[in-house]
Amino acid sequence: MNELVKLSPRQNAIFQHVQRNGRVLVEDLVEMFRTTPQTIRKDLQTLADANRIMRFHGGAALLAGIEYTSFEARKHMAAKEKATIGKAVAKLIPNNIVLMLNIGTTTAAVAQELKHHAGLKIITDNVSIANILRTFSGINVMVPGGSVRRSDGAIIGEAAVEFLGQFRADIAVIGTAAIGDDGTLFDYDLREAHVARAIIKNSRHVILAADHSKFNCSAPVQIGHLSQVDKLVTDECNNSNILALCKQHNVELVESNTNLK
């Protein structure tokens with residue numbers, strides 16, 4: 001990170017907002033800080049020059065390797081949507097299977113809904129999710145070795161990837177930081193992306209859990225593609241590109257808001 005660039009109070013506030021959310025849009029920042037788009041674009045460019053964010057058309061995202069704010073703080077973002085997604089995904093998971101559960105606040109919402117399942121062997125790359133699951137009597141929890149990321153409890157590193165390679169899960173539930181218009185799945189951390197790829201590779205059936213705010217977004221690191229997913233569970237999807245890609249690649253779309261009506 002370039003420490004020679006001195007940031008203004010507004011630029012620091014913008015960076016903190018990116019850390020909380022992973023990405024920002026110019027139009028939202030204009031409203032938040034009551035200034036012009038030109039000013040916000042200059043602020044974003046200053047942050048990019050300081051190696052704190054990456055620019056994209058209409059906004060910016062957190063650079064790979066720069067950590068989010070805490071897992072607890074992110075759980076409160078789109079909490080209602082994540083809760084409905086968690087319930088919908090849990091209904092798709094039968095008892096007596098091997099399940100891989102990827103790090104994320106949406107996948108944590110799934111974990112909360114598994115309390116009444118039985119005979120599950122769950123492998124997760126997140127100590128926060130493992131801590132949720134360990135109290136459920138019908139579930140056996142396993143975690144890989146590796147380094148634990150301070151901000152959110154992610155278990156990362158080659159040891160985690162090698163551990164996951166020893167299993168063949170019946171179902172994997174994964175999250176993503178962003179879904180591009182071409183179906184690319186993105187993350188902010190290369191080490192975390194390696195683990196997510198291993199989870200996808202070593203599972204027979206993949207469920208992607210993502211709220212609607214992840215559509216038509218980007219982040220620095222590619223995890224994979226929507227075509228590698230069997231089901232996409234979201235609160236609602238009005239994105240024509242995502243709908244077309246689901247149809248093209250035979251991805252079953254489950255809208256949790258619709259199911260609750």
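This is a predicted model: local features need pLDDT of at least 70, side-chain atom pairs count only at pLDDT 80 or more; totals for chains, interfaces and linings use all residues.
Let's start with the whole chain. Its secondary structure comes to eleven helices and 15 strands. For 261 residues, a compact globule would have a radius of gyration near 18 Å, and this chain has 18 Å, so the two agree. Along the principal axes, the C-alpha trace spans about 55 × 40 × 30 Å. Of the 261 residues, 51% count as buried. If we take contacts between residues at least 6 apart in sequence, 63% of them join residues at least 24 apart. The accessible surface is about 12,100 Å², and carbon and sulfur atoms account for 48% of that.

Now, on to helix H10, which runs over residues 240–248. Which of its residues are buried? They are Ile-242, Leu-245 and Cys-246. These three cover an arc of only 100° around the axis, so they sit on the same side of H10. In general, an α-helix has 3.6 residues a turn, so residues three or four places apart point the same way.

What do the buried residues of H10 pack against? Their partners are strand S10, at 178–179, and strand S14, at 231–234. On the face turned away from the buried side, you'll find the exposed residues Ser-240, Lys-247 and Gln-248.

Finally, have a look at the two ends. Asn-239 caps the N-terminal end of H10, with a side-chain oxygen 3.0 Å from the backbone nitrogen of Asn-241. Just after the helix, Asn-250 takes a positive phi of about 55°.

Methods. Residues are numbered from 1 along each chain as its sequence is written. Side-chain values use heavy atoms; hydrogens and water are left out. Buried means under 20% relative accessible area, exposed over 50%, partly exposed in between (1.4 Å probe, protein chains only). Helices (H or I, at least four residues) and strands (E, at least two) are DSSP runs, numbered from the N terminus. The arc is that of the directions from the helix axis to the C-beta atoms. Contact means heavy atoms within 4.5 Å. A polar contact is a pair of N or O atoms within 3.5 Å; within protein, one must be able to donate a hydrogen and the other to accept it, and residues adjacent in sequence count only if both atoms are side-chain atoms. The radius of gyration is taken over C-alpha atoms; the globule rule is 2.2 Å times the number of residues to the power 0.38. Accessible areas come from the Shrake-Rupley method with a 1.4 Å probe; for residues, only the protein chains shown count as cover.
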